[in-house]
Amino acid sequence: TASDGIEPFPGPIGITMLSRVLVEATDKDEGNNAKVHYSIISGNVKGQFYIHSPTGVIDVINPLDFEVTRDYNLRIKAQDGGRPPLINSTGMVVVQVVDVNDNAPMFVSTPFQATVLENVAIGYSVIHIQAIDGDSGENARLAYRLTDTTPGFPFTINNSTGWITVSEELDRETTDHYSFVVEARDHGVPVMSSTADVAITVLDVNDNVPTFTERTYSLKINEDALVGTSVLTVTAVDRDVNSVVAYQISSGNTRNRFAITSQSGGGLITLALPLDYKQERQYVLTVTASDGTRYDNAQVFINVTDANTHRPVFQNSNSPVVLIEGSPIGSTVVVIILVYPWQRWCHDNPSGGWTVRR
Ligand SMILES: [Ca+2]
Ligand SMILES: [Ca+2]
Ligand SMILES: [Ca+2]
Ligand SMILES: [Ca+2]
């Protein structure tokens, strides 16, 4: 009997990874005429499938990968054993590969590095963390979190967008660098995750006042000190890294006797003009340390001490000195007595000699 046809194949068949499918055509004939042989005539990309000719069982012989090919349209030929054989080439197996969670999230542009000014507002967006996931759907939907952060940690991450924002006030003078780890995990089963390093450097803002180490300084200086003499070094500390502190004498510098210069972070006060005890016995200088925006004052009390401006006189400078010829070497020739103006040369010594008294 002649073969009178092969029934159409059933509709598309979906299979998942590493399973098998059976295609079957029916033949109403008998004997060899009904012996159907199957083959794949197209769509078997990269020889992914094998069809067992007598049975129509299709096996997956190479691992499928949803990320490479999501579906296959296998055209199946069924041929009976009749002479001439009857052929049906309308069989179509559509293989839809179902995604499994076989890709971990992958961070882009690691390591993540950012800088932020220490005075930004809470909520400020610092850096966008992004990971990609090769899977689909929930297997690729990512959630971000920061791992191992301590309470009070000043950064937080939006778990869906990956934006890291400032969540607590920053202070460069307390902490100027943060290194931490961000994790991305997908929503697949089982969950897959990855981590990446994040480094954030906090940049300085001039937010600290230079502060004198002492509120007041006091010292004495002799009125005959030489011009240029170092009088005192005052120091103001500014915790900002970029602040250059400049010093000046802002008041009390009568007759501009003093000068101040910045020297290795401090303000060196020197004597600019000769002092005169009779004119000023005390100076109260106000010194100012400024970083250009913020400043601090301190007071410097300088007491001038009287120099001995009157010379002593030789009491007996006019006395003749009589030297006896032949006096031995080492003989006293004359005793010179210096008497200051406020001293008296008295002849009230009980032994009859002279004494010097105030
Ligand atoms: Ca995944
Ligand atoms: Ca996958
Ligand atoms: Ca400052
Ligand atoms: Ca600062």
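A: In this predicted model, Gln-248 stands opposite Thr-288 in β22. The two strands involved are β19 (residues 246-251) and β22 (residues 282-290), which pair in the antiparallel sense over 5 bridges; strands here are DSSP runs of E at least two residues long, numbered from the N terminus, and two of them count as paired if DSSP finds at least two bridges between them. Strand β22 is also joined by 9 bridges to β23 (residues 295-305), again running antiparallel, and within that pairing Leu-285 stands opposite Val-300 in β23. The hairpin of β22 and β23 has 4 residues between the strands, and there Gly-292 takes a positive phi near 105°. In a regular strand the side chains alternate between the two faces of the sheet.

Residues are numbered from 1 along each chain as its sequence is written, while chains are lettered from A and ligands numbered from 1 in the order in which they are written. As this is a predicted model, local features need a pLDDT of at least 70 and side-chain atom pairs count only at pLDDT 80 or more, whereas totals for chains, interfaces and linings use all residues.

Around this part, the protein has 27 strands and 0 helices, a helix being a DSSP run of H or I with at least four residues.

Some of the buried residues form nonpolar cores, that is, sets of buried Ala, Val, Leu, Ile, Met, Phe, Trp, Tyr and Cys residues joined through C-beta atoms within 7 Å. The largest has 20 residues, and those with the most contacts inside it are Val-126 and Ile-129. β15 (193-203) is among the elements that give two or more residues to this core, and β15 gives the most, with 4 residues. Leaving aside neighbours within four places in sequence, Ile-129 is in contact with residues including Phe-112, Tyr-144, Ile-157 and Val-198, a contact being a pair whose C-beta atoms, placed from the backbone, lie within 7 Å. A second, separate core of 18 residues includes Phe-212, Val-231, Tyr-247 and Leu-275. In soluble globular proteins, nonpolar side chains tend to be buried together.

Elsewhere, 3 strands form an open antiparallel sheet in the order β9-β13-β12. Its edge strands are β9 (125-128) and β12 (155-157), each pairing on one side only. β9 and β13 (residues 163-166) run antiparallel and are joined by 3 bridges, with Ser-125 standing opposite Thr-165 in β13. Another open sheet of 3 antiparallel strands has the order β2-β5-β6.

How confident is the predictor in this protein? The average pLDDT, the predictor's confidence in each residue from 0 to 100, is 85, and 82% of the residues score at least 70. Over residues 1-6, however, the pLDDT stays under 50, and the model has 19 contacts beyond four places in sequence for them. Residues 10-18 are also below 50, and this stretch has 16 contacts in the model beyond near neighbours in sequence.

Definitions and conventions: Two residues are in contact if their C-beta atoms, placed from the backbone, lie within 7 Å. A residue is buried if 20 or more other C-beta atoms lie within 10 Å of its own, exposed if 12 or fewer, and partly exposed in between; C-beta atoms are placed from the backbone.
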